[in-house]
Structure formats: C-alpha cells, structure tokens
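The sequence and structure come first.

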Amino acid sequence: MTEYQTTPATIISPPTSLPPSPPAHDNESSIYHYSPPSVSKPLQRAKTLTATRVSRFFKKQVGNNSTRESLQPQQRASISASYATDGPERPSLHATYSYDDSYNLKLHRLSSMSDLAAASTMSNTVSVFSEESAPPSLLTKDHNNAMSAEYNAMSVEQELMRELEQVNAAIQLMKKQTDEEAERKHALQAELDEMNKQLRAQEKEYQQIEHRFFEHTRTIKATDDDLSTIRDSFKLLKYAISRLIMSLNKKADKQTATAKLSQKWPHLGITDLESPQINLLVEKLVHEHLVKSIFDCPIIPGLEVNDAYAAIGNWLTKHDSSFAVRLRQQLAAIIAKSPKESEVRQSARIARQQIVNTIYEDLADVYAPFMRENDAKVDEDRRYKAKVSDIVDKAMKIAIAMRGQEVNFATKEPTEGKSAFDEETMVDVKGKTEGTVRFSIFPAFIGGDGEHGFLEKGKVLLA
C-alpha cells in the first residue's frame with residue numbers, strides 16, 4: 001500500500017481586522033450594536049438604489065472570476081493577508097460570527113478604490129452585504145429599527161391627520177353655530193322691528209285717545225280751574241273784602257250804622273256798636289249777599305234755566321243719577337264759552353249789576369253819608385262801587401269754576417246763638433276754640449267728601 005503523506009489542511013481564520021465600515025454613532029461603541037439613523041424617505045430610496053447597482057456590479061465580477069470553490073487556498077490566504085495589511089484598522093469581530101470567502105473577495109476589490117466617491121459607495125455596499133450575508137440578528141434589528149421609524153412617522157402623520165380632521169370638524173361646527181346665531185339674530189331683529197312698530201302704533205293711538213279725552217273734558221269743564229285754584233280764589237275774594245272794609249274803618253256814624261245793622265239782623269240784639277264790631281258786621285253783610293245771590297244759585301245769576309235745573313237736579317239726585325252733575329257741567333260750560341254779545345252773557349251781566357247795586361246801597365246806608373259823597377268826588381275807577389264790582393266779579397268767576405267740577409259744592413251755615421264751635425269747619429275771629437257761635441261772618445264751603453274734596457272753613461264770632 002502506498003503510503004501518502006498527509007499535509008495538514010491550512011485553516012484560514014477570519015481576519016483580525018474587519019473591513020471598512022461606517023463610523024459608529026454617538027453612544028455606540030461596537031458595530032454589532034449599530035442602530036441606523038433615521039433618514040428621510042427620499043435619501044433612503046437613493047441609498048437603496050445605489051446599493052442595488054453596486055451589488056449587481058459585484059455579482060457580475062464574481063461571476064466572471066468563477067465560484068467560491070474555484071479559488072485556491074493560497075489565493076484566499078493572499079486576499080485575507082492583503083486586507084490585513086492594506087485595509088484600515090477595524091475593530092475585531094466576536095468569535096461568534098464568521099464571514100464567507102465571497103464577502104472577503106468583495107471587500108478586497110473595494111479596497112482598490114481610492115477616490116472619495118468609491119468610499120461612499122462602499123458604505124452603501126456594506127449595507128447590501130449585511131443584508132445578504134450578515135448575521136440574522138443584525139438584519140432583524142436594523143429592519144425593526146427601520147420599521148419602527150417608519151411606523152413612528154406614520155403614527156405622527158396619522159395623529160396630525162386626526163388633529164386636522166378635529167380642527168376641521170370644530171370649524172364646521174362653529175360655522176354652523178355662527179349661521180344659526182345669525183339666523184336667530186335676524187329673527188329677533190324682525191321681532192324687535194315688529195314690536196317697535198306695534199309700540200309706535202299704540203303710542204299714536206294713546207295720543208289720539210288722550211287728545212280726545214282732553215277735548216272732551218274741556219268741553220265739560222267751564223274753566224281750567226280745579227279745587228286748589230278755587231281755594232286760592234276764595235282767599236283772594238276774602239282779602240278783597242277785608243281791604244274794602246279797612247278802607248271804610250271809622251268812616252261810619254255809629255248810631256246810623258247801629259240802626260241799619262240791627263234792622264238787618266234783629267235776632268242778634270245789636271246795640272251801641274263800636275268800629276270793630278261794625279267792621280265785622282259789614283263783612284258779614286257782604287258775604288251774605290254773595291252767598292245768597294251767587295253761591296247758592298243753581299248755576300249762575302241771571303240764567304233763565306236756574307229754577308228748571310234746580311228741579312231736575314234735585315229729582316236726579318234723589319234717584320241716584322250722576323246725570324245731574326253732567327248737566328250742571330254742560331250748562332256752566334255753555335255760559336263760560338258763550339260770546340259776550342250772547343243772550344246768556346247779557347242776562348248774567350244784568351244780574352251781576354243788580355248784585356253790585358244791592359251790596360253798594362247797603363254799605364252806603366251803613367257808612368252814610370261818607371260813601372256817596374266820596375264817590376261823587378273821585379274818578380269812577382277809584383269809587384267804592386268799583387271795588388264792590390270787583391268783589392262781585394271774583395265771586396261770579398268762582399261760582400262758574402265750582403259748577404264745572406265733578407263734586408257738588410254746598411255751604412254750611414251754623415245756627416247763630418245756638419251752634420257750638422266746630423274746629424273742623426269754623427275759625428273764630430279772636431282765636432277761641434270753644435264756645436257758642438254768636439254770629440257767622442261767612443259760612444263754610446264744602447265740596448266732595450271733605451277728605452279728598454274741598455273745604456273752606458267758615459268765619460264766626462264766639463260769644
């Protein structure tokens with residue numbers, strides 16, 4: 001048997017230095033812990049295209065030089081030695097991993113490229129080699145990182161899309177609410193315009209009603225007076241009478257005055273009057289004429305229908321009819337608004353002149369012969385008769401104003417020598433608050449219910 005000498009097989013160990021690879025990123029000390037940086041999709045596609053082209057190139061070259069088995073062990077050793085001496089120094093691989101001969105051959109051919117562009121292309125090629133011949137764990141990690149980055153990018157994009165959809169939905173909702181509010185505002189504005197239109201119409205109608213009411217009341221009321229103005233007119237009347245009497249103070253002959261006044265009121269037992277007593281009785285005389293001739297008249301003196309109205313008014317009052325007031329107001333208004341040349345006004349002027357003459361003659365008899373002699377010497381407007389005429393005019397105006405009111409006026413005369421003093425309706429000349437009424441200077445005038453109506457207290461002299 002021929003004895004062959006066996007030569008131990010040469011074992012080619014992996015090179016102690018790794019081929020050139022991209023530099024490690026921050027906080028990465030080993031290539032086996034490499035995590036690819038997140039790159040944009042266009043850059044990633046460019047790198048992938050470049051790697052594909054380089055891969056094709058190397059596959060073509062490998063095909064032309066025969067397969068892995070055609071290489072001699074010496075050639076593989078030479079290639080390994082060449083990379084060990086010429087290539088840049090790289091970190092050593094762990095013993096757990098090994099690379100095949102085609103991987104070393106490709107690295108050898110790449111090492112001959114010296115320009116910067118070939119080195120950049122080599123980096124991409126290494127990525128392709130890693131995909132083809134790198135350990136499965138490294139490929140899985142890189143793939144997971146790439147998928148994680150892509151998933152994160154898709155997640156961010158989806159989140160932004162969701163936020164955009166929410167913003168658009170919110171905008172649509174706000175637009176819808178704005179349109180609804182605009183429609184509601186338009187409806188409210190229309191309602192407001194309609195209400196304003198109705199309000200203006202009602203205001204116009206109210207003004208018309210008010211105008212008709214005032215026209216109606218003016219046709220009823222003889223004058224524009226009310227209870228307060230009538231009360232003021234009474235004060236002016238009493239003041240005019242007081243001035244007339246004070247101007248005649250001490251002008252009367254006591255005996256003549258006593259005789260005239262005792263004849264007028266025999267029940268008073270008048271004797272030996274003095275000037276203050278004469279003045280009070282003369283004031284009583286003037287007021288008595290005014291009350292009987294003017295204030296107690298059904299309408300006004302001189303009116304032909306006075307007696308007829310008195311009869312009808314009393315009958316209506318007994319039957320609780322308010323038409324008596326209405327009739328009285330209408331009659332007073334006719335008199336007040338009648339022309340001066342009308343028959344009604346002429347009749348009233350005649351009656352007025354008769355009242356003036358009656359009062360003047362009585363005063364002239366008390367103050368005889370002073371008043372007649374004085375009036376014969378002075379001008380007409382300075383005569384006492386003119387003063388008496390002014391008093392009667394004031395009383396006539398008050399009477400017409402009273403007849404035009406809603407309330408009925410009446411006089412309350414106390415019984416002289418018998419009635420006790422009533423502080424609610426009387427005022428004593430000397431300020432006394434109790435006693436018997438000796439005589440009344442003028443009666444109290446009462447209109448309405450007393451509380452919300454009219455009251456002008458009477459003036460008396462207590463015993």
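## Charges over rings

A charge is said to sit over a ring if NZ of Lys or CZ of Arg is within 6 Å of the ring centre and within 35 degrees of the ring normal. In this predicted model, the charged end of K284 sits over the ring of W265, 5.2 Å from the ring centre. K385 lies over the face of Y360, with 5.7 Å to the ring centre.

## Basis and overall content

The model is predicted, and local features need pLDDT of at least 70, side-chain atom pairs count only at pLDDT 80 or more, and totals for chains, interfaces and linings use all residues. Residues are numbered from 1 along each chain as its sequence is written, and side-chain values use heavy atoms, with hydrogens and water left out.

The protein has 13 helices and six strands, where helices (H or I, at least four residues) and strands (E, at least two) are DSSP runs numbered from the N terminus. Of its 463 residues, 31% count as buried; buried means under 20% relative accessible area, exposed over 50% and partly exposed in between, with a 1.4 Å probe and protein chains only. Among contacts (heavy atoms within 4.5 Å) between residues at least 6 apart in sequence, 71% join residues at least 24 apart.

## Aromatic pairs

A pair of aromatic rings is described by the distance of the centres and the angle of the planes. Rings of Phe, Tyr and Trp (its six-membered ring) pair if their centres lie within 6.5 Å; planes under 30 degrees apart count as stacked, over 60 as edge-to-face and the rest as tilted. The structure holds six such pairs. In one of them, the ring centres of F295 and F445 are 5.1 Å apart and the planes stand at 75°, so the pair is edge-to-face.

F295 belongs to helix α8 (residues 275–295) and F445 to strand β4 (residues 444–447), so the pair ties together parts that are 150 residues apart in sequence. F295 is buried at 8% relative accessibility, and F445 is buried at 4%. One aromatic cluster is formed by F234, F295, F409, F445 and F454.

## Helix packing

Axes are lines fitted to C-alpha atoms, for helices over the stretch in contact, and angles run from 0 to 180 degrees between N-to-C directions. Angles under 35 degrees count as roughly parallel, over 145 as roughly antiparallel, 65 to 115 as roughly perpendicular and the rest as oblique. The axes of helix α6 (residues 227–247) and α8 come within 10 Å and cross at roughly 135°; α6 and α8 are therefore oblique to each other. Residues in this contact include F234, L237 and I241 of α6, and V282, V286, L290 and F295 of α8.

Helix α11 (residues 343–366) packs against helix α12 (residues 370–377) at about 115°, with the axes 7 Å apart. This makes α11 roughly perpendicular to α12. Y360, E361, L363, A364 and D365 of α11 meet M371, R372 and D375 of α12.

## Two loop residues

S338 is in the loop between α10 (323–337) and α11, and is buried at a relative accessible area of 13%. Leaving aside neighbours within four places in sequence, S338 contacts V344 and R345.

E416 is in the loop between β1 (409–412) and β2 (426–428), and counts as buried at 18% relative accessibility. With neighbours within four places again left aside, E416 contacts H267, L268, K284, V437, R438, F439 and S440. Among these is K284, the residue with its charged end over the ring of W265.
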